[in-house]
Amino acid sequence: KAGVTQTPRYLIKTRGQQVTLSCSPISGHRSVSWYQQTPGQGLQFLFEYFSETQRNKGNFPGRFSGRQFSNSRSEMNVSTLELGDSALYLCASSLGVLSTDTQYFGPGTRLTVL
Amino acid sequence: AQTVTQSQPEMSVQEAETVTLSCTYDTSESDYYLFWYKQPPSRQMILVIRQEAYKQQNATENRFSVNFQKAAKSFSLKISDSQLGDAAMYFCAYRSAGGAGGTSYGKLTFGQGTILTVHP
């Protein structure tokens with residue numbers, strides 16, 4: 001079974017631009033969660049989508065948004081980029097049905113904002 | 001809100017020796033899961049081991065085992081017979097077991113991480 005894939009792997013943007021990151025979960029998984037990883041703040045939860053619905057949201061400004069498609073693929077969008085948005089963005093997928101379900105992470109997208 | 005604390009920013013161990021990474025957490029919930037994830041330089045986060053809070057028995061996966069002390073809210077990871085490939089950043093993470101249907105099981109709360117160096 002193919003693992004979680006994220007595209008693109010690397011991205012360079014300038015302040016004020018917007019960006020869209022994509023995550024394809026493991027086949028059969030319906031839950032996709034997004035995390036931001038920075039040296040200063042560590043790993044922080046952004047949001048989780050399950051069956052096209054946002055099920056949980058972290059403490060990030062409204063510039064961070066996401067969505068999930070009927071095939072469970074998910075995208076996250078960051079508008080009006082700031083220098084502090086430079087980070088590794090990780091997504092994780094799971095079946096999302098039982099509390100015992102394990103989450104599997106993708107390789108991440110490294111976003112650099114200049 | 002739950003918090004997870006890893007008090008050791010860096011640890012080192014000699015190959016074939018044993019090392020223990022510490023983790024404490026704070027929660028008011030009684031049912032939850034605890035995890036150790038490994039993030040090597042390639043950046044792919046890999047699950048190392050998982051512990052269910054309702055289980056008193058400590059989880060074990062080959063050379064990796066945990067010491068789960070629920071009352072003390074402590075969850076340490078022991079790596080035996082350390083190998084060069086064990087070198088990575090290790091994260092302790094907490095996840096609520098949730099309740100009724102529709103509960104989010106996707107939110108992990110992570111500690112700050114411990115960089116493990118393995119010396120040959």
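**A tour of chains A and B**

Start by selecting R63(A) and E82(A): they form a salt bridge, with the closest N and O atoms 3.6 Å apart. A salt bridge here is a side-chain nitrogen of Lys or Arg within 4 Å of a carboxyl oxygen of Asp or Glu. R63(A) lies in the loop between strand 6 (53–57) and strand 7 (64–68) of chain A, and E82(A) in the loop between strand 8 (74–78) and strand 9 (87–94), so the pair ties together parts that are 19 residues apart in sequence. Side chains of opposite charge can pair when their charged atoms come close. Over all chains, the search finds nine salt bridges.

Before moving on, some ground rules. This is a predicted model, in which local features need pLDDT of at least 70 and side-chain atom pairs count only at pLDDT 80 or more, while totals for chains, interfaces and linings use all residues. Residues are numbered from 1 along each chain as its sequence is written, chains are lettered from A and ligands numbered from 1 in the order in which they are written, and side-chain values use heavy atoms, leaving out hydrogens and water. Strands (E, at least two residues) and helices (H or I, at least four) are DSSP runs, numbered from the N terminus.

**Stop two: rings in chain A**

Select Y35(A) and F45(A). Their rings form an edge-to-face aromatic pair, 5.6 Å centre to centre with 65° between the planes. Rings of Phe, Tyr and Trp (its six-membered ring) pair if their centres lie within 6.5 Å; planes under 30 degrees apart count as stacked, over 60 as edge-to-face and the rest as tilted. Y35(A) sits in strand 4 (residues 31–38) and F45(A) in strand 5 (residues 42–50) of chain A, so the pair ties together parts 10 residues apart in sequence. The count over all chains is 15 aromatic pairs.

Most residues other than glycine have a negative phi, and most peptide bonds are trans. Now select T7(A) and P8(A). The peptide bond between them is cis, with omega near -10°. P8(A) is in the loop between strand 1 (5–7) and strand 2 (10–13) of chain A. Next, go to E52(A), in the loop between strand 5 and strand 6 of chain A. E52(A) is not a glycine, yet has a positive phi of about 70°.

**Stop four: strands in chain B**

Select strand 8 (residues 64–69) and strand 9 of chain B. Six bridges join these antiparallel strands; two strands pair if DSSP finds at least two bridges between them. V66(B) stands opposite L77(B) in strand 9. Four residues lie between the strands of this hairpin, where K73(B) takes a positive phi near 55°. V19(B) has I79(B) as its bridge partner.

**Last stop: where the chains meet**

Show both chains. Here 19 residues of chain B are in contact with 22 residues of chain A, contact meaning heavy atoms within 4.5 Å. There are zero salt bridges between chain B and chain A.
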